[in-house]
There are 2 protein chains.
Amino acid sequence: MNKKLTLAFAALLAPVLMLAQPNGGGRRMVQVSSPVVNADNTVTFNYRNDSAKDVKVNVQFAGTHDMAKNSDGIWTVTLGPAAPDMYPYCFIVDGINVMDPLNPDWFPNETFKNSILDMRADGNLLHSVRDVPHGSVDYVNYKSSTLGVYGNAIVYTPAGYDENKDKRYPVFYLISGTTDTEEVYFKVGRVNFILDNLIAEGKAREMIVVLPYGNPSKYFPAGTRMPVRGDAFSTDLLNDLMPFVEANYRTINDRDHRAIGGFSRGGNQGLAFGLTHLDKFSYLCSYSSFTSMTLPGVYDDADKLNSQLHLFWLGVGTDDFLYGNAKEYMDFLDSKGINNVKEFTTDKFGHTWMNAKFFLGKTLPLLFQ
Amino acid sequence: MNKKLTLAFAALLAPVLMLAQPNGGGRRMVQVSSPVVNADNTVTFNYRNDSAKDVKVNVQFAGTHDMAKNSDGIWTVTLGPAAPDMYPYCFIVDGINVMDPLNPDWFPNETFKNSILDMRADGNLLHSVRDVPHGSVDYVNYKSSTLGVYGNAIVYTPAGYDENKDKRYPVFYLISGTTDTEEVYFKVGRVNFILDNLIAEGKAREMIVVLPYGNPSKYFPAGTRMPVRGDAFSTDLLNDLMPFVEANYRTINDRDHRAIGGFSRGGNQGLAFGLTHLDKFSYLCSYSSFTSMTLPGVYDDADKLNSQLHLFWLGVGTDDFLYGNAKEYMDFLDSKGINNVKEFTTDKFGHTWMNAKFFLGKTLPLLFQ
């Protein structure tokens, strides 16, 4: 093969080297990786940009820090040590936020673009990919008569689902937060791996988990109106997504075998829908949510509510900007005599997905027991 | 609820407005969306950055163009009209490539970070989400004895797979290109929607499609060595991924019901593996691939090869930087008397995923017929 093609193919095979130094010119090739987790759980971030004047990194375990340009022309900084976990981060290059060009892992989101630092910790984390039976994560498209489009959702089925063809499972509807897509509880929340691990340890029941997309307006181009009035999310969930799930997966279709919850806005959506559809749900989980005390009629009969709910779980970080509201809501429920389980975190970074994963680990073992 | 919380919750609900003007200060709120596909198939890109001095957009249908700052402080440009399709693009802000903060769709990749412009064209495209039965796309983790880790793969099963529990299906192993992840043939190649549409039209057989990850070295931190010598991808595919697929999906496990192929490096991997494992495969597809004439012994017996291969399909764009190599390979096969089907595109943007989707539309109907 001729030299031109050899070089062309070499280009195909060496993207890291090529892309890592867009302005590298004749400089000797230096392979950089980023992020690098060091043995002491410090983390080194590397970024090559020959023209930038100021480069910082913003990472959720440490905040914003300057990076320094080393003799190889690579902007670098080592931060931490950090508690092994998954942390969103981005570089701030001359004031502009950019994802890490050397890291394929990102935080799915409607707006902000962050990479994900994944500290593996030798598989010892709640969400680690361990040597246990793994469930399947299905990306599905369901026809929404409410929205007039095909909606996106993700469905987790536990290991053994395909083999045990006569077995039916309880189902947990789990909703991400504002600006999150339906992917976040999978790619950042790692609900599949957390559940794989808990099931393998006998700590959680086998269940199906459904991840809806919390913001149906995004299915429509800017400026167009949705073909539905009021709460499009709830209407679609009730009339389209739930029937789709129950027609296509072996769910147990009664209130004793359905749970609903979510993170942030998703928790608000989950509680509002669950509390107003107690004929369908008996487990409610609120993770770092904004909560509402103004659902008409819902809180009037504490005895009835207590008899209907197998679990009313509320978790929030004491340093979460929604802590005040969450605590106010818990006090409100207590004052009404409405049973609820409270979980507070003090060192889990407030309104973050580190907390969201921690809360999953606390609640999944309580569902359908 | 108090005002502070009202504002905090408002912040949760208005990320586009907030994030669209990081330095907006007291300026009136202007809601911007991006990208906007106009009725004449021109596309308007919008980006708010009050401190940037120079903003360009690079989009695969038009190349790089300057954006101008309008009276609302929004950098904007309208390009095209473009042939409705999916196009990678990024903004170049003072020389730095960034994804579009207002677009949740991106191009999964190990290195470059591009957003994806998705021109819907009212569902009239080969890869459109149409009102037809939709298959399921499963993200799976398989234990790789070759790699000593759990590998990532994506498996498409056609509509009806779960209902027809005794039915078995042929399987197509489809490999993405250099720096692509296993997600690209799903999120950019749209093989699931293309196949949903072709099956619904009776133009393609129902089949299972498996998307391996073409670059196993990425499972290992920089500087660490893989626990396997030689071609880790092929060894893992043969000893780990294929057995996993055949144990967990209802595949027809003979050479007449297996196809393999891919885009760019993935096509090279697919041909090399298929041609050296003709006991397992009888359909080969090369999409914009770098191809090799030096596989030992493979091309010596044209009659035998012709009798074993139901399809040997090769597609490339005449403006692809690999066209010369691909044409050279086709001529080589012809000179050896080895049957092959050739497809050339002249207006599909060379070495791109617009071509990759087009080639899928040409080849999927030819598999397993």
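Helices here are DSSP runs of H or I with at least four residues, numbered from the N terminus. Keep in mind that this is a predicted model.

**Stop 1: a lysine in chain A.** Select residues 353-363 of chain A. This is helix 9, and Lys357(A) sits in it. Is Lys357(A) buried or exposed? Its relative accessible area is 3%, and buried means under 20%, so Lys357(A) is buried. Now show what surrounds this side chain. Leaving aside residues up to four places away in sequence, Lys357(A) touches Asp85(A), Met86(A), Leu126(A) and His127(A), and also Val188(A), Gly189(A), Arg190(A) and Ile194(A).

**Stop 2: helix 4 of chain B.** Move to chain B and select residues 191-200. Of the 10 residues in this helix, 8 are buried, so the rest of the structure largely encloses it. Among the buried ones are Val191(B), Phe193(B), Ile194(B), Leu195(B) and Leu198(B). Asn192(B), Asp196(B) and Asn197(B) are buried too. Step past the end of the helix to Gly202(B). The phi of Gly202(B) is positive, near 75°.

**Stop 3: helix 6 of chain B.** Select residues 265-275. How many of the 11 residues of this helix are buried? The count is 10, and helix 6 is mostly covered.

Stop 4: Where is Glu163(B) in its chain? Glu163(B) lies in the loop between strand 12 (149-157) and strand 13 (171-175) of chain B.

Key: Residues numbered from 1 in each chain as written. Chains lettered and ligands numbered in written order. Predicted model: local features only at pLDDT ≥ 70, side-chain atom pairs only at ≥ 80, totals over all residues. Heavy atoms only, no water. Helix = DSSP H or I, 4+ residues; strand = E, 2+ residues; numbered from the N terminus. Buried < 20%, exposed > 50% of the residue type's maximum accessible area, 1.4 Å probe, protein only. Contact = heavy atoms within 4.5 Å.
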